[in-house]
Structure formats: C-alpha cells, structure tokens
Amino acid sequence: MKSDIQIAKEAKLIKINTIAESLGIPADDVYNYGPYMAKIPLRLIDEEKIAQHNLILVTAITPTKAGIGKTTVSVGLVQALNHIGKNAIAALREPSLGPCFGLKGGAAGGGYSQVLPMENINLHFTGDFHAITSAHNMITALLDNYIYQNRNNGIGLRQVTWKRVLDVNDRNLRNVVTGLGNRVDGVPGQSGFDITPASEIMAIMCLANDVDDLRRRVGNILLGYTYEGEPFTVNDLGVTGAITVLLKDALQPNLVQTTENNPAFVHGGPFANIAHGCNSVLATKMALTYADYVVTEAGFGADLGAEKFFDIKCRKAGLQPKLTVIVATAQSLKLHGGVPETDIKQENLDGLRRGFENLDKHVANMKKFGQQVVVTFNRYACDTDAEIALVKEHCREIGVGFAMNSVFADGGKGGEELAHLVVDTIASHPSESLQLMYADDDSIKTKIEKVAKTIYGAASVVYSPAAKRMMAQIDQLGMSRFPVCIAKTQYSFSADPKALNVLEGFEMTVREVVINAGAEMIVAIMGDIMRMPGLPKDPQARRIDYINGEVEGLS
C-alpha cells in the first residue's frame, strides 16, 4: 500500500472556500491560509444549534508505542457517516513537531483517512503552535526582565514557577540554568523547558470560550510568589493585553478537509499523558454548529484522554457526548495479553483473549461516566479473520456493540459498518446525562484518588512532601475547586510503563503538583513522566526530506 504522504499528495483537494460554502459559511468569513486551509471567526458559533446535534467521542484501549490509529478512525468515521448520507464533521487536535520528528510521526490520520493538506498540518499549519510558544516565552522574558529590573529594590520574586516551552523533543532542556555571564546578562536562576503541548497557554486556548475569557485566563496565570508569599500573576506583570494580542488569531478554529473532501476543524494540541489531551472547545462548538454528527477524539487510552475529556473539557464547556467509541487493535490486545512486542503481528488467539481484560476495563470505565459504548476493531494488514471474529464474539458476550473498520485502507467505505452502528446506537440508546468522576467541591486529594482508584484501579495513592505542600497551597489560594489533570504514562493503567494489562493492588505516587490558575486545573504528576519528551534512538527526522520540491518521509 502507498505511504500516507503518497496518498495525501494524490488526493484531489477542493478549495477551502468551497468546503466552507458547503457548510453555509459565507466567503467573507473565511480567513484563508493558502487555498486549502482557513480560520473561521468565533462569532459564527451558535449555542442553540450545539445542543441539537450529536457529539461522538473516539477513544481507545491502552496503546502500543506506535499508537492505535485513533485519529485515523475518527477521520474514517466522519467520512463513513457522510457516505451513508449523514452530515458529519471531525473536530481534532493539531499535531506537534515533537512526535512528528520523534517517535510516533505525524498526527493527521493515516492511509485513506487523513486530514489534508497533511504536510502543512503536520508542520507549521496556520502558526497556532508558534503563537502559543511565543506567548509563553514572551511571558518568561518579561518576567525575567521584571526580576532583573527590580533586583536591587527588594520587590522581586522569592519563587518562580513559570518555565519555558519549545515544540521539539529535547531532553537536554528539561533542566537549565539561565542568566549566566556578565551582570547585564540577567539574574542567574534555575529553569527548564516543557514541550509546547504541555504549556498552560495551550490548555487556556483549548478551554477558553472567547477572546474575553482568553484574556481573563491569561491574566490569572500564576508565575511565582513574592517575598511576602503572595501569588504573582501575569496581571501583576501588567502584560495581559500584550499576550492576548499574540494569541488572538490562534484562538480561531482551523478548517481543513479529509481525503474525501469532508470538512474538519483541527485546533489545539495538548497531549493526554502530560496535559488534558483534547482539541479546543471552540472548534468542537463550531463543528456542532454546522453538523448533525461531530466526531472528536481524546489523546492516548481512555484512562487518560477520555477521563480528561469528561472531567475537564465537558465539565467546563457543558458538552454532553451521545456516544463513546473505543478503538481496539489485535496488536495492542496481544501486547496486554503477554505476547512479546516483537510477535504481536502474528496470530495468537490465546494472547488476544488474555488482552480482553484491558478492553473490558476501558469499557467499564466509560460506562461509569454514563456513556453508551461501542467498540471498533481497527484492522491492520496482519490481522486475521479468526482474530476479528474472536473480538466480535467477546463484545457480544459483554453486551457492547461491535464493528470492524478498515478505514486506513478503504477510507469512508471501510467504516460504513461502524457508521451505521454509531447512528443506530445514538437513535436507540444514546448516552444518559454525563456522570463526572468527582464533584467540584471535593478536595484535590479526593479528586486525584477517585480517578486513580476508580479509573486506574490503584489501591492507594501516596504524595511526595513537595506535592503535599503544594496541595496545602492550593487550598490557601482557594483553587481546590479546579478539576485535576493527572500526568502519567500512556502505556499502563499504573505509573509504570512496563506494567501492562490490568493491575490490582498497586500504589501510585504523586511526585509533583502544578497549579494552572489560568487554565483552571491542577496538574498532578505521577511516576517518571516527563513534560519534555526525549528523542528515540532512531527519530522520524532521519526519514523526512525535501526532494524535487516536495516533502517526503512524513507519516
């Protein structure tokens, strides 16, 4: 089969103005970024229409290192829904340059279920990530200047909690010392870099309701503490307006198209292992304004992305998904069934059966949120009919809908079985009112432990001294009503990436707690997870090139 980028190049794109017109968006409201990408103004969002339409979440079982094809299935389902005569739009996250040039490759889907133009979307796109990176680091520069200018008058900061970001995987930047050199080169201090998807600015952009809400949230960002122990924010720095100016264009959702010329809003890009992992509220609402069915995804497995989608995004935005689709692959099931990673492409029915425990845990978790659940088997070329039949029978036994899909190889046509299942399930058994995992007025400790024990299956949670101090600080600041965003490995229910399948009686450790006062969430960091990833031994960058005027090697 052809590579993703070959398929993308051969696809016949329609001008983005035509795509917009098909939705009923006037040409004057299309802000073009070339012929095939555009931003759409926020004023077109219609809150009344949102409640009338169907929001579908696509999530997954615990993935392999190569992923599980969640974006591919999301795009393929949109194409399939349009195939069977429904009006459907995708609402997805933007790719990060980190994994694009690192381990996983791009995040624009795959095969014949991609969002296009994939090389633009996977690289600089409309500049949203650059705007977020610039805004974050502009705050850092202005804060450093404030400290430098006030270094001798006693009104500086006792503690700085704001770091820097960069949209590349660079382990050497996790911890750095700044301000070295001569006296005029700054005040020496310890800092570090997170990857841009982990920036609080990214979370703010994804959760803001409009420009005014963006400004309010940016102003509330906690940068550190004064010598008197008082919180110091961007408002205190006096630069809220300047940062809002840097972000005003990035806040508008991006309109692109699928390989079958169906509309897709691609906007925002936090990772679900280190951030909340959902595309922007504004893009989701824009899609719900113009489509009867909107398919969105949440990053990594359902224990991370789906939990945060419900407990953070839906809680804040008032969204009510009608259905959750869980993506499963034979390779991931076999991996969790104890089959060595080198052998997961070979048929192994016993290993597949053992891996059902992982699938069942995710299904049960989604039902705890009041979700109606269906499972889709994302077919790879190495999968056998016997494996598919076994998964189908298991889903029948546990009472959840099942559909095989081959959207990677066949596009929308390969997802028609899934599309019919989704439409019929929503028509007959839509999800009930969303049941959140914890209440706003629960303590931070209670919120963390409800997620860790109920969703992950942990027996207990312990806290480092630093985490305990920060939780006490949260209470003093009156921010304990914020939802929690747990940062942990995506490869396990636990904080140990090597602990596969479903575990019992394990302990989880909260290493650090970070206040995102602007994004209005509390990040609890567990295990050895890093908010600045490193590059693998053989990064994808080794295969990316520009040959005869065309980009090659993106996947």
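Mentor: At the start of H8, the backbone nitrogen of isoleucine 201 has a side-chain oxygen of serine 199 within 3.0 Å. This is a predicted model, in which local features need pLDDT of at least 70 and side-chain atom pairs count only at pLDDT 80 or more, while totals for chains, interfaces and linings use all residues. Residues are numbered from 1 along each chain as its sequence is written, and side-chain values use heavy atoms, with hydrogens and water left out.

Trainee: Why is helix H8 called largely enclosed by the rest of the structure?

Mentor: Buried means under 20% relative accessible area, with over 50% exposed and partly exposed in between (1.4 Å probe, protein chains only). Eight of the eight residues of H8 (residues 200-207) are buried, so this helix is largely enclosed. Among them are Glu200, Met202 and Cys206. A helix here is a DSSP run of H or I with at least four residues, a strand (E) has at least two, and both are numbered from the N terminus.

Trainee: Why is H7 called oblique to H8?

Mentor: H7 (residues 128-149) packs on H8 at an angle of about 125°, with the axes 9 Å apart. Axes are lines fitted to C-alpha atoms, for helices over the stretch in contact, and angles run from 0 to 180 degrees between N-to-C directions. Angles under 35 degrees count as roughly parallel, over 145 as roughly antiparallel, 65 to 115 as roughly perpendicular and the rest as oblique, so H7 is oblique to H8.

Trainee: How do you know which residues of H7 and H8 make the contact?

Mentor: Contact means heavy atoms within 4.5 Å, and Phe129, Ile132, Ala135, His136 and Ile139 of H7 meet Ile201, Met202 and Met205 of H8.

Trainee: What makes asparagine 378 buried?

Mentor: Asparagine 378, in strand E18 (residues 373-378), has a relative accessible area of 3% and is therefore buried. A polar atom of its side chain lies 3.1 Å from the backbone oxygen of isoleucine 68.

Terms used: A polar contact is a pair of N or O atoms within 3.5 Å; within protein, one must be able to donate a hydrogen and the other to accept it, and residues adjacent in sequence count only if both atoms are side-chain atoms.
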